Amino acid sequence: MFQALEGRWPETSRRTFLRGCLAAAGALVVESCGGGASGPATSGAGPVRAADSHLAPPDLPWTDPNIPPAYFKLPSVFNATSGAPGAGGPLTEITWFSDEFSPPPPPLPGNRYWTELNRRLGVKVTPIWGPADQASYEQKFAAILASGDLPDLVLFTGTTGTAAQAQALQQGAFTDLTHHLTGSALKDYPNLALIAPKIWQNSRINGKLYGVPRGRAIPGGTLLFRWDWAQKVGVPLSQVTTSDAFRDVMVDFASHDPDGNGRADTWGIPDIQYTYGYFAEMFGAPNSWRLSKSGGLTKDIETPEYRQAIAYARDLFQRGAFHPDAPTQTLAAHYSLFEGGRVGAYMDALYASGQTRSFLAQLGLKDPIRHLLPPAGQGRKAVTYNAVGYNGVVMIPAKVGKDDAKVRQLLRILDYFASPFGSEEYIFLQYGIEGVHYTRAANGNPAKNAQGTTDIGDLFRLLTPPNVSYSAASQSFSDTEQEAWTRLLDQAYHDHFKIGIDDPSIGFFSSTALRRSPALNQAIQDGVVGAISGRTSMSGFDDMVKSWRSQGGDQIRKELQTAIQQHRG
Amino acid sequence: MAVGRAATAGRVERARRAGTLRARMWRERWMYLLFLPGLAYVVLFRYAPLIGNVIAFQDYSPYLGFTDSAWVGLRNFADLLTDADVGAALVNTLVISGLQLVLFFPAPIALALLLNSLMTDAVRRAIQSVIYLPHFIGWVIVVSIWQQVLGGDGFVNQLLRSQGMHTVNVMANPDLFKPLMVAQDIWKEVGWGTIIFLAALTAIDVSLYEAAAIDGATWWRRLRHVTLPGISGVVVLLLILRLGGILTVGFEQILLQQPNVGARAGQVLDTFVYFRGVVGGDWGLGAAVGLLKGALGTLLVVGANWAVKRLGQEGVF
Amino acid sequence: MALTARRPVWMERPSIPTQLLKTIVLLAIVVLMVFPFLSMVAVSFASAADVLRGGLVLWPAHPTGIAYESILRGGIVVRALLVSVGITVVGTALSMGLTTTMAYGLTRTRDVPGSRLALLLALGTLLFSAGIIPNYLLVKSLHLLNTYWAVILPGAVSAFNLVVIRQFFMGIPHELIESARLDGANDLQILLRIVLPLSKAVLAVISLFYAVGYWNDFFNALLYLNDASMWPVQLVLRQYVLQGTPLGDVQLNPLLGQPPPPQSFQMAVVVLGTLPILLVYPLLQRYFTKGVLTGAIKG
C-alpha cells in the first residue's frame, strides 16, 4: 500500500527511471543510474542499523543498508521528529519548485491538510508547481531562472536535473551543501541520515553534495514474469536460468496459448524500448559505462556483450516472442498489456511490482508473478543494473544558501518530509488527518478517502523517504498473503543486489553530455529498436555505434574520464 | 446608372489620394484610430520579445541571462549547417510539407464544396456538426486510436489474422511514415478546415448562380466560373500563409511516432530543435533555427505574393 | 414534392448515381470521424475489466461513472471550468475587438500612409517568434505574472485571423461603402453599420477560432500562473492524465469498488475538456447560411 503510492509512477518519472537503469537512453547529464565506483559507504552518511531509534525494526533481517528494509505490517507508531522544524528560523514562508503529477490541491483557507502541514512545519509553504513532463518542466524552470525569481527549494528531476538546471549548477546557481550533510553535521537531520549510503554517494556531483536526494531503492529494475504461464507451457520457473530456456519460454507464451482461452492473443514481451536493457543484463554488458583499471571508459553499446544481447533479442523477435506492436509500443501499453494478462513478462522497478500484482488480482489471479533474475547469456555471466536510487534531488539556490541559518532551517524542514515509514509524521504526510482524510481499516491500515486525495495532492512529494519492502497493496489480500509477498520481494531485492553493478559515470559532469545526450540517446534507441525489430540489419546497429562516437560519444567519454580522474577517491 | 456611380466612386478615390502627407493623414484619421491599438499590441507583445532572438548569436544560459552569456557570433548557425542530422531533418520536413500542400491543403476545400452542394439544410448541418470532432482530440489519443485500428495488434490486423492472411504494420513502416502523417492530419483537421471555406462560400452572391443558370451552365461550369473564383481569395490567402510556414509540419504528432520508425525517416526540423534546443538546453541553436525558418518563410511569402499579384489576384499585402 | 420546391431554380437535380456516390462518401467520412469519439466516450465510462482486455471498446459491458465522479469531485475541475469560461469570453471579446478594428483599418493600405507598414509588421509575427524566455521576461516586467491577463494578452491578436478578416472586409462591394461615405459617414461608422453586419459569417468563424484557442491553451497558464487555484480547465485536466493511476488508494477502499483504469480517466478528461465547445459550435453554425449578400446590392 505504501509503496503503491509511489510505485505507480506516472509516465515521465518511470520512463526516466526505466531508461536510466536499463543502460539505454538515460538521464540528461550522465546516462544510467548505477552507484558510485566504490563499495560500501565512503564519506557521507554512515550505514544505519535498525538499532538507531529513527527506524522501526524491520520484520526480516536487514543485512545491507542499501537494500530496503522489509515489513509485513505497519509498525507501531513512533515519532521521527520533535517540534516544528521551521520554527525559529529566518524564513516564514517557503516556496519550492517541484514536479506535480496530481491535480492541484485546493487553496489554503479551505484545505485542512495544507493548514495542518503549515502548522506542523512552523512555516507557510507555497509550492510552485512544475508540470511533470520533462520538456515543460525544463522550460518553466528556464523561464523562472532567467527571470531571477528562484524559490527557496528547487527539485532537480531525474538524476541531475534538466539541462538548464545542470548548466545553472555548474555556473554556481546552487549552494554547495557538502559540509552540511556529511559527517557529524548530518546528525542534526536524523531522518536524512537514514537515506542509504549509496544513494547519498550517487547524488554527489563532481564529488560535492548539492542537495538532498528523494530516495527510492538501489536495486533497480526487474523482469516481472508470469510463472503460472511458464508452468502451463511446461517450462517451470526453476529451469529458466539460461538464455536458451528464456527464449523457448517466451516463444511458447506466444504460440502455446498459456491463458487457455483458445485465442492467439498472448505474447512474451510487450515492447522493445523499455525491455532491451534486460537482454544487456543477461549478457553481462556494463551498466552504461565500463571503467577500466587504467581509468578508461567504454560505453555499453561498444562492448561485444551488448552486441551479442542485441543479436539474441533480434532472434527472439524473429521467432515471434514479441508483441506485434513491440517496435511502437507506448509506455502505457507496456504496463497495460501485462496487467491485462496479454503478455508474460515486462520490466519494471522492483518496488512497483506490488501494484502490478493487485492489477492481476482483478483478473482473479492470486499469485502469478515472480521477479525473474536475468538468465545467463551464452558464455556470459548475467548481471543486474543498480539504480541511482533516487528520483530527484532537492537543492537550495545560491542566493538563499548564502545565509547559513536559512540553510539549516530548510534542511530541518526536509528532514521532516523524510520521516521514515511508519512514523507519525509519515502517516500524516501520506494520509492526512485521521477521520478527515483517511480512515482505518479493520487491520489498522490507513485508507485514504476522496477528501484526502483532493486535499493532499502532491504536497508531500517534495521529498519522500526511501522505499521499504511492504506490500499491503490491496485489501483483497489476506495478511498471510501480504507476508508471503514481502518475503518474495525482499528475496528478490537481495538476489538482484548480489549481482548488481554500478554505473561508474554517475555523479560526474560532462558538458557535451548535457547538450547532446537527448539526441544521442534517441539515436541509440533508434539503432537498438531497428536492429531488434529487423527494420535494419545488425550492421545498422554497428553504424549507430560509429555515429554515436563521432556525434559526441567520444567527446563525452573524454570529458567523463577527466572528471572521474579529478574527483576520484 | 451603375456606371455613373462607379465613375463617381472612381473620382472620389482619386481625390482621396491627393494632398499633402499631413492632409491625407488627417483625412484618414479614423483609420488610424482603428488600427493603431492593434498595432501597439503587436509591437509590444510580439516585437519587443523578438529582441530575445539575440541568443541565436550567443552561448546562452538562462542563469547568466542575455547580458552575461558569451557571444559566439555565427557559431550556432555554423553548427547547425554542419550537423549530420539536420540534413535528414530538413529533407523530411520538406517532403512532409510538400505532401501536405498537395494532399492536405485541398481536402477541406473539396469537402466544403461537397457539403455546399447538399440540398437538405438539416443534413448538411448535422454533418457539419460532427466532422470537426477529431480536431479536438489531442494527438496522444489520436495516435493511440490509430494504433488500435492500424497497429500490429489492431483491429485491421486482428481481422487479417483471423482470416489467415499476412498482417501489415502500417505504423512501424519507415517508408509509409510521411504519408501516414499526412493521412492522420487530414483525418484530424479536414472537418475543422471546412469551416472557413463554408463561410467563404456563403459570401458568394447568389445572383451570380442565378445568372449562370440562365446562361444554361452545368454544375461543372458553375463550379469553375462562380464557386471557385468566389473562394479564390481565401484559398490564395491560405496558400500563401502556408508557404510562410513551410518548415513547420506539426510537432507533437511526429514526436510521438518518430521512435516507431527511427530518426532517418521520422526526424523533422522541429523535433530536431526539441532534442537539441529544448531538452538539451541549447537555446542558442533553437533561436538560430527559428531565425532561419523565418527568413525562408519571408522569402516564400514575398515571392508568392508577388507571383499572385502578377497573375491579377489580390495578394496578402 | 417538398424537396424540389426548396431547390433553388439554378441548381439542377443531381442524377441518382451522383446522389448515391455523395451519400456513400459522406457517410464514410462521418463514420470515420465519429466512431473514435464514440469509442472515447465508451472508454470514459468503462471499468477496468472492459479496458484491460485490450482492443477497441465501443460499448462498456460494465459501465461506471467513477472517472467523471472523481474528476468532478472536490470542485477543482468545476472551478477551473469557470476560470476557462471567463478567460475565453473576455479573451475572445478583446481579441475580436482588436482584430476587427485593425483589420478594417488596414483595408486601404494605398490611401492611408504607413498602414502598409503596419500590415507588414502584423504579418511578420506569423514568421518570427520570440520563444519562451523573452515572453516570460516581458510578462514579468509588465507585472502580469500570476494574473489572468498573462493568459489572455499574449494571444490576443493572431495575424492569421487578422488577415482572414481583412480579406473578407475587402471583399465587400465598394459601392456600398462609397455610398455611405458620400452620405457623410466616417470609417468607424462604416465599420459598425455596414461592414460588420455583412460579415457575420467570417466574424462567427474567427470568434470560434479565437474561442477555441483560448479554451485549449494550457501552456501560457502553465508558464505564468503559479497559483494553482487560477488554473484553467485544460491544465487541471492534464494533471489527471499525467497522474497515471490517479487514485493510488482507490483500490484499497472497498467503498469505491474497482478503480477506473487510466484510459478511462484520459477519455473522461478529453470529453470534459471538449464538451463546452461542442455546445457552443451549433449556436454559431446558423451564421454559415447561404445568401448573406443577396439583396444587399440593388440597382
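A salt bridge here is a side-chain nitrogen of Lys or Arg within 4 Å of a carboxyl oxygen of Asp or Glu. The model is predicted: local features need pLDDT of at least 70, side-chain atom pairs count only at pLDDT 80 or more, and totals for chains, interfaces and linings use all residues. Residues are numbered from 1 along each chain as its sequence is written, chains are lettered from A and ligands numbered from 1 in the order in which they are written, and side-chain values use heavy atoms, with hydrogens and water left out.

**View 1. The salt bridge between A:Arg549 and A:Glu302.** The closest N and O atoms of A:Arg549 and A:Glu302 are 3.4 Å apart. A:Arg549 sits in helix α20 (residues 538-567) of chain A, and A:Glu302 in the loop between β7 (297-299) and α11 (304-318) of chain A, so the pair ties together parts that are 247 residues apart in sequence. Helices (H or I, at least four residues) and strands (E, at least two) are DSSP runs, numbered from the N terminus. A:Arg549 is partly exposed, at 38% relative accessibility. A:Glu302 is partly exposed too, at 23%. Buried means under 20% relative accessible area and exposed over 50%, with partly exposed in between (1.4 Å probe, protein chains only).

**View 2. The salt bridge between A:Asp315 and A:Arg319.** Here the closest N and O atoms are 3.1 Å apart. Both partners are partly exposed: A:Asp315 has 24% relative accessibility, and A:Arg319 has 44%. Over all chains, a search of the whole structure finds 38 salt bridges.

View 3. Chain A has 20 helices and 14 strands. Of its 569 residues, 68% count as buried. Contact means heavy atoms within 4.5 Å. Among contacts in chain A between residues at least 6 apart in sequence, 78% join residues at least 24 apart. A:His496 belongs to helix α18 (residues 479-498) of chain A. At 1% relative accessibility, A:His496 is buried. Its side chain reaches the backbone oxygen of A:Ala492 at 2.8 Å. Leaving aside residues up to four places away in sequence, A:His496 touches A:Gly221, A:Thr222, A:Leu350, A:His371, A:Leu372, A:Leu373 and A:Thr384.

View 4. Helix α19 (residues 511-533) of chain A has 23 residues. From first C-alpha to last it reaches 33 Å, close to the 33 Å expected at 1.5 Å a residue. The expected span is 1.5 Å times one less than the number of residues. A kink of about 60 degrees lies at A:Ser517, shortly before the proline A:Pro518. The bend at a residue is the angle between axes fitted to the seven residues ending there and the seven starting there. In α19(A), 19 of the 23 residues are buried, so the helix is largely enclosed by the rest of the structure. Just after α19(A), A:Gly534 has a positive phi of about 85 degrees.

**View 5. Helix α11 of chain B and its kink.** Helix α11 (residues 177-202) of chain B has 26 residues. They should span 38 Å at 1.5 Å a residue, and the end C-alpha atoms are 37 Å apart, which agrees. The kink in α11(B) is about 50 degrees and is centred on B:Glu189. In α11(B), 23 of the 26 residues are buried, so the rest of the structure largely encloses this helix.

**View 6. The interface of chain B and chain C.** Chain B gives 91 residues to the contact, and chain C gives 96 residues. The area buried between chain B and chain C is about 8,800 Å², and carbon and sulfur atoms give 73% of that area. Buried area is the accessible area (1.4 Å probe) that two parts lose on being put together, summed over both. Across this interface, 14 residue pairs are in polar contact, both residues being at pLDDT 80 or more. Helix α3 (residues 29-50) of chain B supplies the largest share of the side of chain B that touches chain C, with 16 residues. A polar contact is a pair of N or O atoms within 3.5 Å; within protein, one must be able to donate a hydrogen and the other to accept it, and residues adjacent in sequence count only if both atoms are side-chain atoms.

**View 7. The salt bridge between C:Arg108 and B:Glu28.** Chain B and chain C share one salt bridge. Its closest N and O atoms, from C:Arg108 and B:Glu28, are 3.0 Å apart. C:Arg108 lies in the loop between α5 (76-105) and α6 (115-127) of chain C, and B:Glu28 in the loop between α2 (21-27) and α3 of chain B, so the pair joins two chains. Both C:Arg108 and B:Glu28 are buried. A network of salt bridges links B:Glu28, C:Arg108, C:Asp111, C:Glu178, C:Arg181 and C:Asp187.
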